[in-house]
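Open the structure in your viewer and keep the sequence panel beside it. The stops below go from one selection to the next.

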Amino acid sequence: MAKTMNITNVNGAFYKLNDDIKKDIHSYTAAFIDSDGYITMDKNFNPRVGLIATGERGKAFMLEMHKSLGCGRLHLDQKSPQATRSVQRLN
């Protein structure tokens with residue numbers, strides 16, 4: 001039933017991304033990068049864009065963003081520098 005309602009299951013917890021966000025996913029992503037993301041360049045001057053979230057809710061959010069955008073590379077359950085909650089990244 002959760003799959004038909006487009007709900008994400010992370011370790012037995014259920015999360016649903018607001019449908020208004022999915023309607024204008026590119027504008028939402030730009031705002032997210034502005035607040036909790038980053039833009040850099042590698043040594044060959046190629047641009048790199050990343051989104052960062054923490055914890056289980058952040059994991060569900062990054063899974064949904066990856067699915068909605070249809071691009072990027074997920075780095076899930078990374079260790080945080082403060083060793084508090086896990087860090088989720090979408091590059």
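At what angle do helix H2 and helix H3 pack, and how far apart are their axes? Bear in mind that this is a predicted model. Select residues 25–36 for H2 and residues 55–69 for H3. The two helices pack at about 135°, and their axes are 11 Å apart. H2 and H3 are therefore oblique to each other. The crossing in which H2 passes H3 is left-handed.

Next, show the side chains where these helices touch. From H2, select Ile25, His26, Tyr28, Thr29 and Phe32. They meet Phe61, Met62, Met65, Ser68 and Leu69 of H3. By type, the residues of this contact comprise 7 nonpolar, 3 polar and no charged.

Now widen the selection to the core. The largest nonpolar core has 11 residues: Leu17, Ile21, Ile25, Phe32, Ile33, Leu51, Ala53, Phe61, Met62, Met65 and Leu90. Two or more core residues come from each of H2, strand E4 (47–54) and H3. In soluble globular proteins, nonpolar side chains tend to be buried together.

Stay with one member of that core, Leu90. What is Leu90 in contact with, leaving aside its neighbours within four places in sequence? The contacts include Val49, Gly50 and Leu51, and also Met62, Met65, His66 and Leu69. Cys71, Gly72, Arg73 and Leu74 complete the list for Leu90.

From here, move to Pro81, in the loop between strand E5 (74–78) and strand E6 (87–90). Is Pro81 buried or exposed? Its relative accessibility is 77%, so Pro81 counts as exposed. For a sense of its position, draw a C-alpha to C-alpha distance from Pro81 to Tyr28: the two are 27 Å apart in space and 53 residues apart in sequence.

The last two stops concern backbone angles. Select Phe45, in the loop between strand E3 (37–41) and E4. Phe45 is not a glycine, yet its phi is positive, at about 65°. With a relative accessible area of 64%, Phe45 is exposed.

Then select Asp77, which lies in strand E5. Here too phi is positive, at about 55°, although Asp77 is not a glycine. Why does Asp77 count as partly exposed? Its relative accessible area is 42%, and the partly exposed class lies between the cut-offs of under 20% for buried and over 50% for exposed.

Key
Residues are numbered from 1 along each chain as its sequence is written. This is a predicted model: local features need pLDDT of at least 70, side-chain atom pairs count only at pLDDT 80 or more; totals for chains, interfaces and linings use all residues. Side-chain values use heavy atoms; hydrogens and water are left out. Axes are lines fitted to C-alpha atoms, for helices over the stretch in contact, and angles run from 0 to 180 degrees between N-to-C directions. Helices (H or I, at least four residues) and strands (E, at least two) are DSSP runs, numbered from the N terminus. Angles under 35 degrees count as roughly parallel, over 145 as roughly antiparallel, 65 to 115 as roughly perpendicular and the rest as oblique. A crossing is left-handed if the near helix is turned anticlockwise from the far one by less than a right angle, and right-handed if clockwise. Contact means heavy atoms within 4.5 Å. Ala, Val, Leu, Ile, Met, Phe, Trp, Tyr, Cys and Pro count as nonpolar, Asp, Glu, Lys and Arg as charged, and the others, Gly among them, as polar. A nonpolar core is a set of buried Ala, Val, Leu, Ile, Met, Phe, Trp, Tyr and Cys residues joined through side-chain atoms within 4.5 Å. Buried means under 20% relative accessible area, exposed over 50%, partly exposed in between (1.4 Å probe, protein chains only).
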